[in-house]
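Q: I have a model open and would like to talk it through with you. Could you start with the ligand site and then move on to the rest of the chain?

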Amino acid sequence: MSSTETANGAATAQTAQKTQQTRAERPIARVGGDPVVISARRLSLWYGQVIGVNDISLDIGPGVTGLLGPNGAGKSTLMKILSGQLRPSTGAARMFGEPIWNNSKIFSRVGLVPEQDAFYEEMTGKEFVTYLTRLQGYSPAEADKMADETIELVGMTESKDRPIEEYSKGMRQRIKLAQAISHDPDVLFLDEPLTGTDPVGRHKMIELVNHLGDEGKTVLVSSHVLHEVEQMTRDILLINKGRVLAEGNIYKIRELIDEHPHTIFIDCDAPRKFAAMLTEYDDIVRVEFTDKGFQVATRDPDSCYPRIPRLAREHGIELRGYMSPDNNLMSVFEYLVK
Ligand SMILES: Nc1ncnc2c1ncn2[C@@H]1O[C@H](COP(=O)(O)OP(=O)(O)OP(=O)(O)O)[C@@H](O)[C@H]1O
């Protein structure tokens, strides 16, 4: 055997050993209360050459768990595996001790708010919720009653008889939540449920998620915005590139995030005036104007977030929206994975 072969052989053995070590050492992420409701071991899923979820092991208990990660982190993929919509390439997941994949027993215990809309656009909100509730095996009368109750809970009673095609994004999110909870499931998967919601809808949704957690449901809610997740739970699972980076209490992550200037995009009818007002505050370190509005960078997001709607109200500025672009989290993730 030549020395090159020996060296290569040794290197290969070393790599194999290292891989084994890394594989063996990766801890099981634990979030939520007791007992464990969902458990996954060594889950991976590839979309062809692209990895969606990469060797994730976790135990999730009751209460609300925030699944936090930038776009493309693997949040939707993980949710789809844990809710039985996708079969993992390797590894396995269980819910209430039962295998999740291809198990109809799980179906009735799970509620789902998918990221993408999958509506029958010509149906009314009420018809849609009733129809999906009926698919869970309820009689027309039962489904009708359950649909009315949950539509009321999400604050959509007034619009329930309008066709979905007329709904705003926020209304769609709320009707999706109504159908997810109408059959009173034990486990809920909410994929970016706050996307597109207006402040009132958002408040309602957050309240409801908190309530579901307090009731003892197991709720997994994904977002790429820390400040959103934080209003729903302290318990988070931080993922990036298909892997769990951290789990548990949010404070540690917050500290990291708050060290970085945090960008907030603002859409309003008087951007120059509003921007000038905001720069009066010490925490604002940068203002940039864009085609659609402007963005500020703050070192104190906790003070800055509530200040925005308050100032707008006080000065008669029409605030169409304010949000945190994805790059806030991205910069923190880059920092964390260094
Ligand atoms: N159907 C698909 N085909 C190929 N690649 C996919 C598919 N769905 C997701 N991916 C890829 O898998 C990775 C994880 O995507 P996933 O949608 O799970 O992330 P995410 O955190 O939910 O992001 P987003 O919030 O943007 O949906 C990404 O690289 C994405 O491009």
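Q: Which element gives the largest share of the shell around the ligand?
A: That is H2, which contributes three residues to the shell. Helices here are DSSP runs of H or I with at least four residues and strands are runs of E with at least two, both numbered from the N terminus.

Q: Before we go on, what kind of model is this, and how are residues numbered?
A: It is a predicted model, in which local features need pLDDT of at least 70, side-chain atom pairs count only at pLDDT 80 or more, and totals for chains, interfaces and linings use all residues. Residues are numbered from 1 along each chain as its sequence is written.

Q: Back to the ligand: how many residues surround it, and which are the closest?
A: The ligand is surrounded by 13 residues, of which Tyr-47, Asn-71, Lys-75, Ser-76 and Thr-77 are the closest; a residue counts as near if its C-beta atom, placed from the backbone, lies within 6 Å of the molecule. The elements giving two or more residues to this shell are strand S3 (50–60) and helix H2 (75–82).

Q: And how does the shell divide into nonpolar, polar and charged?
A: There are three nonpolar, eight polar and two charged residues, where Ala, Val, Leu, Ile, Met, Phe, Trp, Tyr, Cys and Pro count as nonpolar, Asp, Glu, Lys and Arg as charged, and the others, Gly among them, as polar.

Q: Changing topic, what domains is the protein chain divided into, and how far apart do their centres lie?
A: An automatic or database domain assignment supplies the bounds, giving domain 1 (29–248) and domain 2 (260–336). Their C-alpha centres lie 29 Å apart, and the protein chain has 12 helices and 15 strands.

Q: Which residues of H7 are buried?
A: In helix H7 (residues 199–214), the buried residues are Gly-201, Met-205, Leu-208, Val-209, Leu-212 and Gly-213. Buried means that 20 or more other C-beta atoms lie within 10 Å of the residue's own, exposed means 12 or fewer, and partly exposed is in between, with C-beta atoms placed from the backbone.

Q: Why do you say they line one face of the helix?
A: Seen down the axis of H7, the buried residues fall within an arc of 140°, so they line one face; the arc is that of the directions from the helix axis to the C-beta atoms. Pro-199, Val-200, His-211 and Asp-214 are exposed on the face turned away from the buried side.

Q: What covers that buried side?
A: The cover includes strand S4 (63–68), helix H5 (140–153), helix H6 (169–181), strand S8 (187–191) and strand S9 (218–223), with contact taken as C-beta atoms, placed from the backbone, within 7 Å.

Q: What does H4 pack against?
A: The buried residues of H4 pack against H5 and H6.

Q: Now the backbone: where is the cis peptide bond?
A: The bond from Asp-34 to Pro-35 is cis, with omega near -5°, and Pro-35 is found in the loop between strand S1 (29–31) and strand S2 (38–47).

Q: Which phi value does Asp-184 have, and where is its place?
A: Asp-184, a residue other than glycine, has a positive phi near 55°, and its place is in the loop between H6 and S8. Asp-184 counts as partly exposed because it has 15 C-beta neighbours inside 10 Å.

Q: And Glu-192, buried or exposed?
A: Glu-192 is buried, with 22 other C-beta atoms within 10 Å. Glu-192 is found in the loop between S8 and H7, and has a positive phi of about 50° although it is not a glycine.

Technical notes: Expected span 1.5 Å × (residues − 1). Contact = placed C-beta atoms within 7 Å.
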